[in-house]
Amino acid sequence: MNSRARVVVLLSGSGSNLQALIDATANRTFPAQIVGVISDQPDAYGLKRAANADIATRCCDRADFNNRAEFEEAIGEAIASFAPDFVLLAGFMRILRGSLPDRYSGRMLNIHPSLLPRHKGLDTHQRAIDAGDIEHGCTVHFVTRELDAGPGLIQAKLDVGATADAAHLAARVLELEHQIYPLALRWLAEGRVSHSAEGVLLDGLALPDPVVMDVDALRC
């Protein structure tokens with residue numbers, strides 16, 4: 001393709017998923033490029049990862065705003081300044097309750113460390129262990145106003161194991177996140193996937209449930 005889709009990434013922390021996206025999009029045959037990274041934390045290491053890759057950055061520190069509405073307006077202006085085709089949340093620890101999910105409906109993705117709809121929110125790995133889950137994993141989903149409730153696109157699963165602890169489980173799941181997020185972006189940028197009032201379509205076919213990726217295949 002002649003042009004690559006423009007992508008903005010929102011994050012709050014270390015940016016390991018950002019790094020996976022940077023590594024994937026560094027290949028100019030990849031159908032998308034990261035044009036901007038925005039954080040709500042001025043000391044987020046993800047901003048340094050972006051700078052190291054010569055990607056423009058913005059910071060909208062929540063502490064600088066009087067209320068959520070002002071903060072989200074600033075985030076929206078920062079996103080719009082990059083004129084993106086797609087917006088990816090990669091460890092962005094703020095719930096977007098305003099107009100942004102609607103403005104970028106079908107063009108905004110998030111990656112969540114659980115097999116949604118199980119374990120929305122925080123502390124997903126310990127909650128999976130406490131619940132006695134046999135399987136755990138991660139989900140890429142479209143963003144809506146409701147927390148972690150948008151339609152799922154891709155999931156990757158693993159066996160929890162009898163001796164799992166939350167830290168080890170988190171590390172294992174993170175490896176899967178780094179593989180399925182670039183894949184989800186590729187599908188989106190290639191126009192293979194879309195989301196509308198009719199639901200999620202992949203290659204023109206309705207997707208009632210997220211595509212489940214084979215862990216062994218991902219490691220190849």
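Colleague: How many salt bridges does the structure hold?

Modeller: The structure, which is a predicted model, holds seven salt bridges.

Colleague: Which residue pairs with arginine 94 in a salt bridge?

Modeller: Arginine 94 pairs with aspartate 40, and their closest N and O atoms are 2.9 Å apart. The pair links distant parts of the chain, 54 residues apart. Arginine 94 lies in the loop between strand 4 and helix 4, and aspartate 40 in the loop between strand 2 and helix 2.

Colleague: Is aspartate 40 buried or exposed?

Modeller: Aspartate 40 is buried, with a relative accessible area of 1%. Arginine 94, at 31% relative accessibility, counts as partly exposed.

Colleague: And what does aspartate 133 form a salt bridge with?

Modeller: Its partner is arginine 118, with the closest N and O atoms 2.5 Å apart. This pair also links distant parts of the chain: aspartate 133 is in the loop between helix 5 and strand 6, while arginine 118 is in the loop between strand 5 and helix 5. Aspartate 133 is buried at 13% relative accessible area, whereas arginine 118 is partly exposed at 42%.

Colleague: Moving to helix 3, where do arginine 68 and glutamate 72 stand relative to each other?

Modeller: They are four residues apart in helix 3, so about one helical turn separates them. Glutamate 72 is buried, with a relative accessible area of 7%, and arginine 68 is partly exposed at 41%.

Colleague: What do the buried residues of helix 3 pack against?

Modeller: They pack against strands 1, 2, 3 and 4, and against helix 4. Among the buried residues of helix 3 are Phe71, Ala74, Ile75 and Ile79.

Colleague: What happens at the start of helix 3?

Modeller: There, a side-chain oxygen of asparagine 67 comes to within 3.2 Å of the backbone nitrogen of alanine 69. The helix itself runs over residues 68-80 and spans 18 Å from its first C-alpha to its last, close to the 18 Å expected.

Colleague: What is valine 37 in contact with, leaving aside its neighbours within four places in sequence?

Modeller: Its contacts include Val9, Leu11, Leu18, Leu47 and Ile55, as well as Thr57 and Arg58.

How values were computed
Residues numbered from 1 in each chain as written. Predicted model: local features only at pLDDT ≥ 70, side-chain atom pairs only at ≥ 80, totals over all residues. Heavy atoms only, no water. Contact = heavy atoms within 4.5 Å. Helix = DSSP H or I, 4+ residues; strand = E, 2+ residues; numbered from the N terminus. Expected span 1.5 Å × (residues − 1). Buried < 20%, exposed > 50% of the residue type's maximum accessible area, 1.4 Å probe, protein only. Polar contact = N/O pair within 3.5 Å; in protein donor to acceptor, adjacent residues only side chain to side chain. Salt bridge = Lys/Arg side-chain N within 4 Å of Asp/Glu carboxyl O.
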